[in-house]
Amino acid sequence: MEGQLKKRIFKDRLFKYLVILFAFISILPLLLILYYITRNGIAVINWEFLTELPKPFGEAGGGIFNAIIGTFFLIVLSSVLSIPFGISAGIYLSEKSEGKIAHMVRLCVVVLQGTPSIVIGIVVYMWFVVPFKGFSALSGGIALSVMMLPVIIKTTEETLKLMPYTLKEASLALGVPYYKTILKVILPTGLSGILTGILLSVARITGETAPLLFTAFGNQFMNYNIFKPMDSLPYRIFYYAMSPYPEWHSFAWGASFILVAVVLGFNLIARGIAIKWKVQF
Amino acid sequence: MESSVLTVKDFSAFFGDNRILKDINISISDNLVTALMGPSGCGKTTLIRCVNRMHELIPGAKVSGKIYLREDDVYSMEPILLRRKIGMVFQKPNPFPMMSIYDNVIAGYKLNGIRLRKDEFDTIVEKSLRGAALWNEVKDALHRKGTFLSGGQQQRLCIARALAMNPEILLLDEPTSALDPKSTAHIEELIVELKKSVTMLLVTHNIAQAARVSDFTAFIYLGELIEFGPTEKMFTVPKDKRTEEYLTGKFG
């Protein structure tokens, strides 16, 4: 009896420590990635690195300013393109959640979410790059916005579904028309959830490289024209890392560090909004 | 019938093929509290939701018969305009969580795009909050969120929000069922006080509450109006055997 009990307590402890061990092992890759990027990247980061353009082969120095601006442009473009559609679709799904079309849309969202980004890149290449005969930031924005859509649609739908029906009733009973109830009561109340979704989707596309290879392509020079090829952080990392020069390799680490910091920043802001603007009912 | 605010005539309501209400006839006079009581699921909530046409928002809901607000046929009015004339307070307090107390009171104006001057809004807010006996508690916190208030205060805020629209009639759908006894007493006092200026239709499953606050009582059972008359009379000498059984706690 006594022995039996001891064995069970031992098993209990063993299980607990195993769970902790595996949990730690699962975050180990992330810690290692962060460690390597910081160790190799932090050394090259200085003001010049952030504010200078890439230099041609053989010339020392150079930076990633055009890539930072390019990534910023791409984020804005893809957000402008995807947010209205994403939120509208999310509203539709939460309002008409039982309809046939809603089920179809939901299925499409899942499929879209699972579509490899390089496939999206090729499709956008066929649609927008080939007909207009040239790579452009706009086509890059389109490719990224397609990737943002499923995340925004899903989070909007989930957020709005959590709204209590009594809230909608309160508004309708005051004689507020349905569309105003959605736009002025339901959406503002779900704002924090929707914003969180948008930021998470931005974090998701910030690091995307594959679709950009066929669309925004990349540009060594400064470019503010969205109809011309544009640089981006992931593309710049790819470009530097594939080069044969050790100095450029360290630039790739530096750019990686900046990229990871930006993505992490978006994630943290998203979390902050979710916690701080949490609506109490 | 001349002075009745609300007249319900041969009114039936359905969910799909299910008949929830059967040929209801009631007329409600000015500045009185009429209580609708009956066991759960008897259709009393459905009845008041038919008055401001919230019932039809649920898929499969149908109605037949007539309801008149004063002389106007409710079912030939634009629901949006109708609902601005009829205030409604729900079971669970539901102030708008993103709005301040001030904005919650004038939400009916703000959300409908009715523009008034700042001082006109100030007057409406003060008058409505005083009407709902909430002014003294919140007058220094008008710009805080409505959800910081206690449950009972939130419910009074919802009453203020309904009063701000100057409704012809105020529908109260079990307004105290989510509140503690003290807040309930507060709301009941408020209903008695409000009677001077507003006509009210109160749904309650609490017999004692109907007795305490109402002038007229309608007893609904299984979708039928069993008895309708002055509260005092119904509670002392009920005409129908079922009313008597319900009042004495034999069912319900």
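Two residues count as in contact here if their C-beta atoms, placed from the backbone, lie within 7 Å. With that in hand, here's a quick tour of a predicted model. Chain A has 12 helices and 0 strands, and it meets chain B through a contact that takes 19 residues from chain A and 20 residues from chain B.

**α7(A) and the contact with chain B**

- Two helices of chain A, α7 (165–173) and α8 (178–189), each put at least two residues into the side that touches chain B.
- By class, that side of chain A comes out at 11 nonpolar, 5 polar and 3 charged residues.
- Within α7(A), the buried residues are A:Leu167, A:Lys168, A:Ala170, A:Ser171, A:Leu172 and A:Ala173.
- The cover over those buried residues comes from both chains: it includes α8 of chain A, along with α2 (79–85), β6 (86–89) and α4 (107–111) of chain B.
- Just past the end of α7(A), A:Gly175 has a positive phi of about 85 degrees.

**Overall build of chain A**

- Follow the sequence of chain A and you get the pattern α-α-α-α-α-α-α-α-α-α-α-α.
- The radius of gyration of chain A is 24 Å, while a compact globule of 281 residues would come in near 19 Å.
- Along the principal axes, the C-alpha atoms of chain A take up a box of roughly 70 × 70 × 35 Å.
- Buried residues account for 40% of the 281 residues in chain A.
- Take the contacts in chain A between residues at least 6 apart in sequence, and 75% of them join residues at least 24 apart.

**Two domains**

- Chain A splits into domain 1 (2–44) and domain 2 (49–276).
- Their C-alpha centres sit 33 Å apart.
- Where the two domains of chain A meet, 7 residues of domain 1 are in contact with 8 residues of domain 2.
- The domain 1 side of that meeting has 4 nonpolar residues, 3 polar and no charged.

- Setting aside residues up to four places away in sequence, A:Ala255 touches A:Ile64, A:Ala67, A:Leu233, A:Arg236, A:Ile237 and A:Tyr240.

**A closer look at A:Ile83 in α3**

- A:Ile83 belongs to helix α3 (residues 65–95) of chain A.
- A:Ile83 has 20 C-beta neighbours inside 10 Å, so it counts as buried, given that the cut-off for buried is 20 or more.
- Beyond its neighbours within four places in sequence, A:Ile83 is in contact with A:Ile152 and A:Ile198.
- A:Ser139 is 56 residues from A:Ile83 along the chain, and their C-alpha atoms are separated by 17 Å.

**Helix α4 of chain A**

- α4 (residues 100–114) of chain A lies largely in the open, because the number buried among its 15 residues is 1.
- At 1.5 Å a residue, those 15 residues should span 21 Å, and the end C-alpha atoms of the helix are 22 Å apart, which agrees.

How values were computed. Residues are numbered from 1 along each chain as its sequence is written. Chains are lettered from A and ligands numbered from 1 in the order in which they are written. This is a predicted model: local features need pLDDT of at least 70, side-chain atom pairs count only at pLDDT 80 or more; totals for chains, interfaces and linings use all residues. Helices (H or I, at least four residues) and strands (E, at least two) are DSSP runs, numbered from the N terminus. Ala, Val, Leu, Ile, Met, Phe, Trp, Tyr, Cys and Pro count as nonpolar, Asp, Glu, Lys and Arg as charged, and the others, Gly among them, as polar. Domain bounds come from an automatic or database domain assignment. The radius of gyration is taken over C-alpha atoms; the globule rule is 2.2 Å times the number of residues to the power 0.38. A residue is buried if 20 or more other C-beta atoms lie within 10 Å of its own, exposed if 12 or fewer, and partly exposed in between; C-beta atoms are placed from the backbone. The expected span of a helix is 1.5 Å times one less than its number of residues.
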